[in-house]
Amino acid sequence: MTVREVAVRAYREGLPALSASLVGGLLAGVVLGGMRAELTAIDGLLVLVPALLATRGNVYGSLGARIATALHQGFLEPRLGDADDRLLRAVAAAIGNGLLASAFAAVVATAALAWLARPAAGLPVLVTVAVISGLLSGIALATTVVVVVFAGFRRGYNPDTLVGPLVTTAGDVFGMAALLIAARVVIWGVG
């Protein structure tokens, strides 16, 4: 293959995923814009948004990279029907890491708000929102990453090209939707 052919193939594979990432980011912004009531009801929630979205990208990007590497090396077959134990353990570890990182982000956000003498809903409230959000978005993201990486690999796409934009898009969309649901659950439970 010539350099030009490699570049054309990379753009052909990457451009749709990057375009979807752009649209997903805009959708996440729309969800955030519609969360005024939740952001007002739970002091400090806005501080959690960037940390939680970054956590989703880091944790599930790593999951996607592990799956892509296993597919490239032939350790994993791109079939959902007979799930490999290693795949199930990787997904469970990603969800567990996502939950721990979410709780840690809530603790750090609460400490930062206290240090800055800014109002905060309190550690239990922020941790509860972060953990519920982490669980909901983790299940959605893990499922999406596995399904899309497998489907792309079966169609001849390089899963490494798909993982970055996919996780960014899905992480933003599912992360914001899960944060909205978690905030509403906590507000409903407290109120």
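Two residues are counted as being in contact when heavy atoms of each lie within 4.5 Å. In the predicted model described here, 82% of the contacts between residues at least 6 apart in sequence join residues at least 24 apart. The protein chain contains six helices and zero strands, and the order of its elements from the N terminus is α-α-α-α-α-α. The C-alpha trace spans about 60 × 35 × 30 Å along its principal axes. Of the 191 residues of the chain, 39% count as buried.

Helix 1 covers residues 3-33, which amounts to 31 residues. The distance from its first C-alpha to its last is 43 Å, close to the 45 Å expected at 1.5 Å a residue. A kink of about 30° is located at Gly14 of this helix, shortly before the proline Pro16. Gly14 is also among the buried residues of helix 1, together with Glu13, Ala17, Ser21, Gly24 and Ala28. The cover over the buried residues of helix 1 includes helix 6, residues 159-190.

Helix 4 (85-115) likewise has 31 residues, and the distance between its first and last C-alpha is 44 Å, close to the expected 45 Å. At the start of helix 4, a side-chain oxygen of Asp84 comes to within 2.6 Å of the backbone nitrogen of Arg86. The side chains of Asp84 and Arg86 also form a salt bridge, with an N to O distance of 3.1 Å. Asp84 has a relative accessibility of 21% and therefore counts as partly exposed; Arg86, at 45%, is partly exposed as well. Just after helix 4, Ala117 adopts a positive phi of about 55°.

Thr110 is located in helix 4 and has a relative accessible area of 14%, so it is classed as buried. Leaving out residues up to four places away in sequence, Thr110 touches Leu123 and Leu126. Asn97 is also a residue of helix 4. With a relative accessible area of 40%, Asn97 is partly exposed, since the buried class requires a value under 20% and the exposed class a value over 50%. The C-alpha atom of Asn97 is separated by 9.5 Å from that of Gly138, a residue 41 positions away along the chain.

The largest nonpolar core comprises 22 residues, and the residues with the most contacts inside it are Tyr60, Leu63 and Ile67. Two or more residues are given to this core by each of helix 3 (45-73), helix 4, helix 5 (123-154) and helix 6. When neighbours within four places in sequence are left aside, Tyr60 is in contact with Ala94, Ile95, Gly138, Leu141, Ala142, Val145 and Val167. Another core, of 19 residues, lies apart from the largest one; Ala105, Ala109, Ala130 and Ala183 are among its members.

Three salt bridges are present in the structure, including the pair of Asp84 and Arg86 described above. A further salt bridge joins the side chains of Arg184 and Glu38, at 2.7 Å from N to O. Glu38 counts as buried because its relative accessibility is 6%, whereas Arg184, with a value of 47%, counts as partly exposed.

The side chains of Glu77 and Arg79 meet in a salt bridge with an N to O distance of 3.9 Å. That distance falls inside the 4 Å limit applied to such pairs, so the contact is counted as a salt bridge. Glu77 is classed as partly exposed because its relative accessibility is 45%. Arg79 is likewise partly exposed, at 44%.

Definitions and conventions
Residues are numbered from 1 along each chain as its sequence is written. This is a predicted model: local features need pLDDT of at least 70, side-chain atom pairs count only at pLDDT 80 or more; totals for chains, interfaces and linings use all residues. Side-chain values use heavy atoms; hydrogens and water are left out. Helices (H or I, at least four residues) and strands (E, at least two) are DSSP runs, numbered from the N terminus. The expected span of a helix is 1.5 Å times one less than its number of residues. The bend at a residue is the angle between axes fitted to the seven residues ending there and the seven starting there. Buried means under 20% relative accessible area, exposed over 50%, partly exposed in between (1.4 Å probe, protein chains only). A nonpolar core is a set of buried Ala, Val, Leu, Ile, Met, Phe, Trp, Tyr and Cys residues joined through side-chain atoms within 4.5 Å. A polar contact is a pair of N or O atoms within 3.5 Å; within protein, one must be able to donate a hydrogen and the other to accept it, and residues adjacent in sequence count only if both atoms are side-chain atoms.
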